[in-house]
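Have the viewer open and follow along, heading by heading.

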Amino acid sequence: MAKTRIGIWLVGAKGGVATTSIVGLIALKKGLIDTAGLVSQLPQFQNLALTDWKNFVVSGHEIRDVSLVEAAERLADDNRAIDPKLVAKCRSELQKIDQRIRPGTLHKVGKTIAALAAKDIPREESPRQAIDRLQQDLVDFVESEKLQHVIVVNVASTEPAVDTAAIPESWDALKPLLEKPRKCPLPASSLYAIAALELGHSYVNFTPSLGSAPAAIDELARLRATRHAGCDGKTGETLMKSVLAPMFARRNMPVMSWVGHNIFGNLDGKVLDDPINKRTKVASKDRLLGEIFGYQPQTHVSIEYIESLGDWKTAWDHIHFSGFLGTPMTLQFIWHGSDSVLAAPLVLDLVRFTDLARQRAWTGRMTFLASFFKSPIGVDEHRFDRQFQMLEDWAAQG
Ligand code: NAD
């Protein structure tokens, strides 16, 4: 029987999260690292038919003119997020992958992201023309690497928010808009989703951008008997929120205010420094508290770009809550982590679980992946332990 070969197509293929995911995948294949940080390696998932790391092949779309080796070296040398010796051992594989990466699309990404792009990235295509081109790249990838399936993962820069009221609810109504560049409200993240899903491939949105969230794109996924998930990987401060908020709720200690300040200095931080792009991220980080508590405490989320910090993000959270006798009390925490190193194993886990969902013929929204996301589409449950139970229950269904 032919060996299973599954493609991972990273949108934003030379960014911090993508590069760290690629280095991690190469290192796993070569047995250079252990499995710390990888959820799919937990004991309760070991009886599943999860595809071996060796059977994944990676490529993607990018808009910047940089080399993958340089991107990895920057994470190692400038950011000290990855061991430089590990990057050196992965160098030839990184060079090979770099040659497969194709130019992305800039449709409705906003001026801050467009300013990052190389001159040769197409700017005049209609959404349909862009999708056709992206699809040809996926078709070529499948043919040249002899793949059974591709999982497209969006790890590109956060786009400005979209007026979702302007998006038709059915695929039949949305499809003709793809021919009309001015009228089509969809940003690049949604065009990548359509490109993947129309071909029957899977799509995962690790960013807060719109991606596959519209009902019409979910309908497309179900029509093509394929699957999707998102939005916005839950890697640090918001993960803490989804763990701590249920504790306050269960001890009947009303939270009066929750303030979170985030500072970091990587390229993601630079893009989020544009208030239009930042709004998308702040909404995603702020949404869950009201939904967990059932009431809305006063909240404040700030995200500041501090260049010298590079990939190292510090989040300081101040939680003001009420105890017995109405006595006010405070919890504060400081989370300090390498953003890309926190995110990369989750990207790899998402790919593995998505491939298992393909084997199980799952179609539509992969709601069982909610624990991986800040704003899980199709799920109102934000408590981390309950979300994780959803994953374990799904896994146990066999
Ligand atoms: P990054 O800026 O390092 O990488 C983004 C990459 O996407 C860049 O290489 C950029 O050139 C590329 N890009 C931008 N627009 C594109 C397009 N239309 N098509 C193709 N490529 C495009 O950012 P990052 O730190 O790698 O984060 C990636 C995304 O993941 C961001 O949206 C971020 O908000 C999200 N995210 C990150 C974390 C985390 O790092 N812990 C957690 C949750 C979500």
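Start in the loop that runs between β6 (227-229) and α9 (237-250), where you will find C231. The peptide bond joining G230 to C231 is cis, with omega at about -5°. Please keep in mind that you are looking at a predicted model.

K108 is not a glycine, yet its phi is positive, at about 55°.

## The seven-stranded sheet

In what order do the 7 strands of the parallel open sheet run? Reading across, the order is β3-β2-β1-β4-β5-β6-β11. The edges are β3 and β11 (364-365), each of which pairs on one side only. At the β11 end, β6 and β11 are joined in the parallel sense by 2 bridges, and R227 stands opposite G364 of β11.

Helix α3, residues 84-100, lies across β1 (6-11), β2 and β3, and runs at about 50° to β2. Helix α12 lies across β1, β2, β4 (149-154), β5 (202-205) and β6, and its direction makes an angle of about 140° with β4.

## The four-stranded sheet

The model also has an open sheet of 4 strands with mixed pairing, in the order β8-β7-β9-β10. Its edge strands are β8 (298-305) and β10 (328-338), each pairing on one side only. On average, neighbouring strands here are turned by 10° against each other, direction ignored.

The parallel part includes β7 (residues 255-264) and β8, which share 8 bridges; F264 has Y305 in β8 as its bridge partner. Helix α11 (residues 275-293) lies across β7 and β8, at about 150° to β8.

On the antiparallel side, β9 (residues 312-322) and β10 pair over 11 bridges, with F321 partnered by M329 in β10. The hairpin of β9 and β10 has 5 residues between the strands, and L325 takes a positive phi near 65° there.

## Around the ligand

Which residues are closest to the ligand? Of the 30 residues that surround the ligand, the closest are V17, E62, R64, A156 and Y192. By class, the shell divides into 12 nonpolar, 10 polar and 8 charged residues.

A backbone N or O atom of V17 lies 2.7 Å from a ligand oxygen, and a polar backbone atom of G15 is 3.3 Å from an oxygen of the ligand. From a side chain, T235 places an N or O atom 3.0 Å from a ligand nitrogen. The ligand on its own has 840 Å² of accessible area, and the protein covers 98% of that.

Several elements give two or more residues to this shell: α1 (16-29), β2 (56-62), α7 (188-198), α10 (267-272) and α12 (339-359).

Definitions and conventions: Residues numbered from 1 in each chain as written. Predicted model: local features only at pLDDT ≥ 70, side-chain atom pairs only at ≥ 80, totals over all residues. Heavy atoms only, no water. Pairing = 2+ DSSP bridges. Axes fitted to C-alpha atoms, helices over the stretch in contact; angles between N-to-C directions. Contact = heavy atoms within 4.5 Å. Near = heavy atom within 4 Å. Polar contact = N/O pair within 3.5 Å; in protein donor to acceptor, adjacent residues only side chain to side chain. Areas by Shrake-Rupley, 256 points an atom, 1.4 Å probe, with all protein chains shown as cover. Nonpolar A, V, L, I, M, F, W, Y, C, P; charged D, E, K, R; others polar.
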